[in-house]
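Please read this short report with the model open beside it.

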Amino acid sequence: MDRKLAVYVCKGCDIGASLDIEALKDVASEAGVDAFHEHECLCGAAGRDLIRQDVLDGVNAPVVAACSPRFMIDAFTFDGCRTERVNLREHVVWSHEPNDEDTQMLAADYLRMGIARAQKATLPEPFEEEVNEDILVVGGGVSGMSAALGAAGAGHHVVLVEKAESLGGWMSRFKRHIPHEPPYRDPQPSTVGEQIDRVRADDRIQVFTGTTIEKITGQPGQFDVTLHTNGGSDTTSSMRVGAIVQATGWKPYDATRLGHLGYGTCPNVITNVQMEEQLASGPPTRPSDGKPARRIAFIQCAGSRDKDHLPYCSAVCCRVSIKQALTARELDPECEVYVLYKDIRTPGQHEDFYRRAQEDAAIFFTKAEVETVGEAGDHNPVVRAKNTLVGEDIQLEADLVVLATGMVPASADGEALRRLADAKSVVAKGEAGVQLETAKETVASLAHLEGGEILNLGYRQGPDLPVLKYDFPDSHFICFPYESRRTGIYAAGCVRAPEDAQLAREDGAGAALKAIQTVRLAKKGEAVHPRWGDVSYPDFNLQRCTQCKRCTEECPFGTLNEDVKGTPQLNPIRCRRCGICMGACPERIISFKDYSVDIVSSMIKAVDIPDEFEEKPRLLGLLCENDAYPALDTAGLKRIRHSANIRFIPVRCLGSINTVWIADALSRGYDGILLVGCRSGADYQCHFIRGSELMETRSSNIQEKLKQLALEEERVRLEQLPINEFDRLPEIINEFAAQIDEIGMNPFKGF
Amino acid sequence: MAEAVVVRPDRKFVEEIIAAGGGDLKHCMQCANCSTVCELSDGRPFPRKEMVWAQWGLKDRLVADPDVWMCHQCNDCSRRCPRGARPGDMLAAVRRLTVAHYSVPRFMASLANRSAYLPLAFLVPIVLLAVALLVRDPIAQALGLETEPAFYASFFPHWLIIGLYGFFTGLAFVAAVVGVLRFWRAMKRSDEELGLYATPKGIPASVVGALKDILTHYRFGFCTAQKPRRLAHLAVFYGFLALFVVTSWAVVDLYVNPMLGIASRYPFDLMHPMKILANVGGVALIYGAVKVMVDRKRIQGPGAAASTSFDWIFVWLILGVGVTGFAVEIFRFTVGPEPAATIRTAAYATYFVHLVLVFQLLTYLPFSKFAHVLYRTVAMVYAEHTGRHRPVHRPQVPQIAAAPAELRLQGVTTETH
């Protein structure tokens, strides 16, 4: 396709008053673009008409030098062509001295880089295939049913799969629930029955109980599902769905590990789940002799917020114990209840529920660290606690002790299952060597996971959602609710985070919305979070592939399967378009239409590098588009200045940085390279989960390379920046620039 | 660390505290805001530990806790409590229950303090005094006593008052001594159990220390929300002291001086130093009692102390004694040697009421709020004796600005002062 470029410079928003626009015209002309227009307000109707007319007359690669590409997107989108945006406002005139030589050079370089990209990038065309819009919901508890009802209400056909013989999950087994409506003071009867009726009555929802998933293959919009139903006769059903909500709920924490709290040794020590069963049938009694339990001690955080057990808070146990205390008191007014807690956690309106229980003189609350539960005569449990408030150890005899145990997500660790499968195949081959020993160890340590598969995904990276902290498949990062690391599969309810039934319902609705978004975007070939609407997808030049498997290993979303030889097989609808595969590929065979190794290299090379005698160092900055780039926009908006020696290129994710760019930049004569992305680690904020982490690994390789080249390793710096710390970014830049000044010029300059 | 304490929660006692005026104690979430604002708190958080004990109904701990008596109910804690649990009121209720706990006989505590028993409480001295009047002449004849010439003594002779009141205050004294000794032993035993018992200071020095505190109302001075109460209490306290001195002197003057050959000057005339002291004391007493009442009504909001029958009966009694005392005095100095029968009846009736109220005050002392004069003093001596924390004036807690109205939650106290 013949490319016809034209440059449009906006003079509004201080740009015209701060730069020599005529000089920019010369820059464009030197770069081979003679069509140059300036306008007082390019985003206004007249400005847009100017470009639109040119596009009609044959311009197919307009370069708009104006504000940040994050603004005025619609205004500068023209049919049939890709608009290149040059950020003269936030990154140049709002963050640098106006009418200054260095500022002018910066603007010129950004224009050159924009032209370079416009010369190579093409308009991506969406990957369009037939997309199924049905939603599969796995789990028929409160959140699963809520997801099913939500999706059905939005007009989607729903397949609801429940492992048990009936719908309702845990909450249908509990007779009374914590209050879910004002005045939030007393336990309320279960409403799960009504929810089940609504699900059963909805003809858009197809319910499979007593059913598990045998296999799921394909990608969003094209998931092929095989179900297996037990019952009178084993039956198998197949169907195609577009997206999946995993609402598999929770399991009670294994109380047999709480021997120190008397569980398993003293018959009158039970869990809160057992207490629910007791209260469903009448006043609480002692399991040892069936006599009424008149002194009931609740031990909160039993095996929770405890480094040896569950390190987290399960969110509901305090309210559940309050509910059980009030219920017990109602069923048997003679009984007394003692609640021993680390902290009472009753969020929101449920504080009133706590106050309600406090008003009862027969419910005793005290903060205490329970150490052990022993046994006195008549199987009476005796609680020993460190009473942290009056500085004394206390002993309390009771008829019944209830351990308020927490929730464990009913998830399956997809990646561990994959490691197990790999190790088993190594063991099966039986080739001698160190590898075999390691594989045997892996099999031994992971064997307990076998049979725990839930989704049985036909993914190269494992049959289930990868789990993150504490086995939850969700990142819990506030910006990405319900997101898992498998596109089109969302976690909802207690498998996502410990929560109460009310939140689980909301979760179900939220995850259903995400699932609906997936299928609707997939229909248009558009990406989901966080690159909403992006229609580009990676092209693989497979003739040159060496089957190194780095792309299939490193893709955070399991986009790529492998054939037997290890050649990647793309599932474009699974792709989030982060470009991590592109950054990983040593052969540089992966590229997007508008983002490739070559395009960025050209931008890097387009910059005019002053020679060593001019004493104008040049730094390259690669900014993550998700947080770092908007952060620099914000800094510009706040008119915070930064060094004019640095040239920034936005990258989709730090993980998409191919190390060849670093080499290109250093050999081109850049004096330093700054990489800014999102936080990695346990509390990562990387929008593509592993991108910044992968960059960390790669940058340590880069440091090695620098040493080999006898270059100072400080010339390449990796920084992590949350978006709210935008004001730190100019400081980081200036500090880096000062450091490079100190180190001196790149010795490769001019070669 | 001492051996683990076996806790036996006592729901009945919790309910008793609630009934005695500590109604909000269950709202406590044991956050210790009260202990951080309390001047009396030291290593063992006060009054949070008492709040914890109270929530568990640990009666043995509470009635043997001298710290409860170090509190003068400034209610800084109640004002700062984020849950409206009102620790200050709980402590007041515990003090009331402590007095009841050590009362011998137990029913006297109910008789003296419950408004339902008030008529009966009045009836007892009325009957006793009426009977005394009936038997006045026969006894006088039998013992060959002459009719006393003084205006009131001709109605209710001094020997009869001293005999009657001496007997019943003697009983009260015995009850008080027994109660106080039991209190002392309980405090000692409790501290021993906790391994905290030590006596760095001797008893005499401790008594001196406690008296100094009492005479200056040192601890009382730490109250901020309830600052006006200190002055009121000082007035009542010294008013009482003055009247006690005068009464004692009257007995000496009547019976001891004649034996020493000094002529009795009783009843004193207006310019007699003792009469001046009595009048000043009486004015102070009335002023203090009225001020207590006014302050209790005036100080509102979370810093206000809860008032129960335990408090009101006592304050009204003091006021009643003071007012009837002056009325009796006014009659005495205004009526002529031969007053009209109606005036004489009115004067004698007033005198009778005065005697009833005085009887109430003195005889019910170990069982009513008046008992704090014993228990607080003993607790203070014990605190000195065992080297407990003595407060020192610290810089004021920074004032907290009022939160915007929309942020005010139920039970959250944010008012400025």
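This is a predicted model: local features need pLDDT of at least 70, side-chain atom pairs count only at pLDDT 80 or more; totals for chains, interfaces and linings use all residues.

Residues are numbered from 1 along each chain as its sequence is written, and chains are lettered from A and ligands numbered from 1 in the order in which they are written.

| Domain of chain A | Residues |
|---|---|
| domain 1 | 1-123 |
| domain 2 | 135-249 + 452-523 |
| domain 3 | 253-407 |
| domain 4 | 539-591 |
| domain 5 | 595-751 |

The C-alpha centres of domain 3 and domain 4 of chain A are 53 Å apart.

Chain B contains 16 helices and one strand (DSSP runs numbered from the N terminus: helices are H or I of at least four residues, strands E of at least two). Along its principal axes, the C-alpha trace of chain B spans about 70 × 50 × 40 Å.

Between the chains, 21 residues of chain B are in contact with 21 residues of chain A (C-beta atoms, placed from the backbone, within 7 Å). On the chain B side, β1 (5-7), α1 (11-19) and α3 (48-56) each give two or more residues. The largest share, five residues, comes from α3(B).

Strand β21 (residues 392-397) of chain A runs parallel to β1(B), joined by three bridges; strands pair if DSSP finds at least two bridges between them. Within β1(B), B:Val6 stands opposite A:Gln395.

Key. Domain bounds come from an automatic or database domain assignment. Two residues are in contact if their C-beta atoms, placed from the backbone, lie within 7 Å.
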